[in-house]
Amino acid sequence: MSAAPSPAGKAPARKRSAVRWMIVGLIAVATVINYIDRNALAVMWPAISQDIGATKEDYALLVTIFMLFYAAGQFVFGRLFDIIGTRLGFALSIAVWSISIALHSVTHSILSFSIVRAMLGISEAGAWPGAVKANAEWFPARERALAQGVFNAGASIGAIISAPLIAVLFLWLGWRGTFILIGAIGFIWLLPWLIIYRAGPDKHPWVSAAERALILDAPTEQPAVPVAEYVPNVRQLLGHRQTWGILISRFFLDPIWWLFVSSLPIYLAETFGFDIKQIGIFAWVPYVGAMIGSLGGGWLSGRLIGAGWSVDKARKGVITLGGAIMAPALIGAVLATDPVWAVITIAFVLLGFQIAIGNIQTLPGDIFNGKSVGSVAGLGGMAAVAGTLITTWLVPAMTHDSYAPIFILVAALVPASLLALWLVTGRVEKIHGPVERR
């Protein structure tokens with residue numbers, strides 16, 4: 001007996017695969033590993049500094065070296081991802097950073113720490129332009145912010161588990177053994193990555209026609225008409241106001257995240273007299289807020305687009321909401337007089353930050369085509385590092401008596417970032433050629 005025809009002569013519905021979510025899930029796991037690796041030094045610094053005779057200024061130097069090479073890595077890997085693709089780009093990035101963190105175990109001085117932190121910085125930077133590029137390749141606009149949120153949630157989860165995990169490993173293995181063990185984790189990740197990420201969405205054998213159509217925002221039965229893709233070089237990218245809006249916004253906003261990533265354990269130690277065990281108990285709490293913000297900001301942006309909002313209106317609205325949460329919470333952190341209140345207010349700071357940054361990080365994919373996204377994301381990462389370096393060196397100078405001055409300073413960066421978004425970026429929409437006036 002023949003099957004009944006589908007209504008109105010339509011073809012039977014095709015099962016939609018979910019390879020895109022497997023890809024972003026693996027990238028999120030890589031980000032967890034990334035944050036475990038980079039946070040290990042901060043968590044164990046009280047013990048490391050005693051062993052090698054280092055100071056607070058030495059720590060600021062190591063953070064600066066990491067960030068300088070992290071900035072270079074953003075640009076290098078941004079271009080590299082555009083050239084060799086997402087699959088090989090991620091494999092190279094995580095292999096090098098895993099070797100780098102393991103080499104921390106054989107360091108004995110600030111000089112040797114500087115060398116391995118430089119290696120770690122340039123290689124870990126690949127995760128961010130790579131994630132933005134994969135996001136643009138594998139997700140339509142309405143899902144892109146949520147996918148970026150999943151990726152950023154990996155950073156938050158890494159920050160949540162890194163402090164207690166590193167504290168436990170330190171008590172078991174010491175700081176040298178801990179660096180060796182966490183260095184091995186990245187190589188374990190490589191196996192599923194190389195198996196699952198076989199090709200892009202247009203050629204991947206596991207991607208169904210329905211999922212491919214969703215990713216490409218094209219009807220399943222009607223292949224998109226080939227269109228010449230605008231692939232600007234770096235000079236042309238810098239000729240667009242949209243690029244500068246992204247760069248300036250990240251220059252002002254990213255230092256807020258890095259202030260807490262780099263200094264939260266030290267802030268708890270200096271302000272409340274915490275040891276490594278107590279840092280492990282408290283330091284994960286703010287990153288719960290960050291994880292909620294990552295997923296919530298991405299979900300809200302996609303929901304608004306699905307409800308008929310333009311990409312421009314949805315992105316800017318959600319980013320502004322994140323700023324409205326962030327700035328007051330930073331002032332609340334200034335007033336904190338006990339560790340519980342401190343970590344709760346910082347949790348709201350990171351909640352607002354992740355709501356905003358997840359949507360800012362989708363802008364390269366919203367505005368430029370696939371072969372340029374990695375480069376724009378890398379340039380944005382460089383701008384973020386430039387702003388972060390300034391605040392990194394201000395921390396020792398501004399925190400002799402308390403952390404209130406630096407918290408007030410970064411609170412003022414929030415409106416500066418929002419002004420760049422609204423006044424410089426212009427309308428968030430695809431650019432299809434070198435000469436477009438806004």
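Predicted model: local features only at pLDDT ≥ 70, side-chain atom pairs only at ≥ 80, totals over all residues.
The protein chain holds 16 helices and zero strands; helices (H or I, at least four residues) and strands (E, at least two) are DSSP runs, numbered from the N terminus. Residues are numbered from 1 along each chain as its sequence is written, and side-chain values use heavy atoms, with hydrogens and water left out. Local features need pLDDT of at least 70 and side-chain atom pairs count only at pLDDT 80 or more, whereas totals for chains, interfaces and linings use all residues.

**Overall build**

- The radius of gyration of the protein chain is 22 Å, which agrees with the value near 22 Å for a compact globule of 438 residues; it is taken over C-alpha atoms, and the globule rule is 2.2 Å times the number of residues to the power 0.38.
- Along the principal axes, the C-alpha atoms fill a box of roughly 75 × 45 × 45 Å.
- Of the 438 residues, 58% count as buried, meaning under 20% relative accessible area (1.4 Å probe, protein chains only).
- Among contacts (heavy atoms within 4.5 Å) between residues at least 6 apart in sequence, 82% join residues at least 24 apart.

**Helix H6**

- Helix H6 (residues 141-196) spans only 23 Å between its end C-alpha atoms, while a straight helix of 56 residues would span 82 Å at 1.5 Å a residue; the expected span is 1.5 Å times one less than the number of residues.
- H6 bends by about 115° at Leu 173, the bend being the angle between axes fitted to the seven residues ending there and the seven starting there.
- Gly 154 is found in helix H6 and is buried, at 1% relative accessibility.
- Beyond four places in sequence, Gly 154 is in contact with Ala 28, Thr 31 and Val 32.

**Nonpolar cores**

- The largest nonpolar core has 122 residues, and those touching the most other members include Ile 48, Trp 189 and Phe 260; such a core is a set of buried Ala, Val, Leu, Ile, Met, Phe, Trp, Tyr and Cys residues joined through side-chain atoms within 4.5 Å.
- Helix H1 (residues 19-52) supplies the largest share of this core, 19 residues.
- Another core, of six residues, lies apart from it, with Leu 304 and Val 318 among them.

**Gln 74**

- Gln 74 is found in helix H2 (residues 56-84) and is buried, with a relative accessible area of 2%.
- Residues touched by Gln 74, beyond four places in sequence, include Trp 128, Pro 129 and Met 382.

Conventions
Buried < 20%, exposed > 50% of the residue type's maximum accessible area, 1.4 Å probe, protein only.
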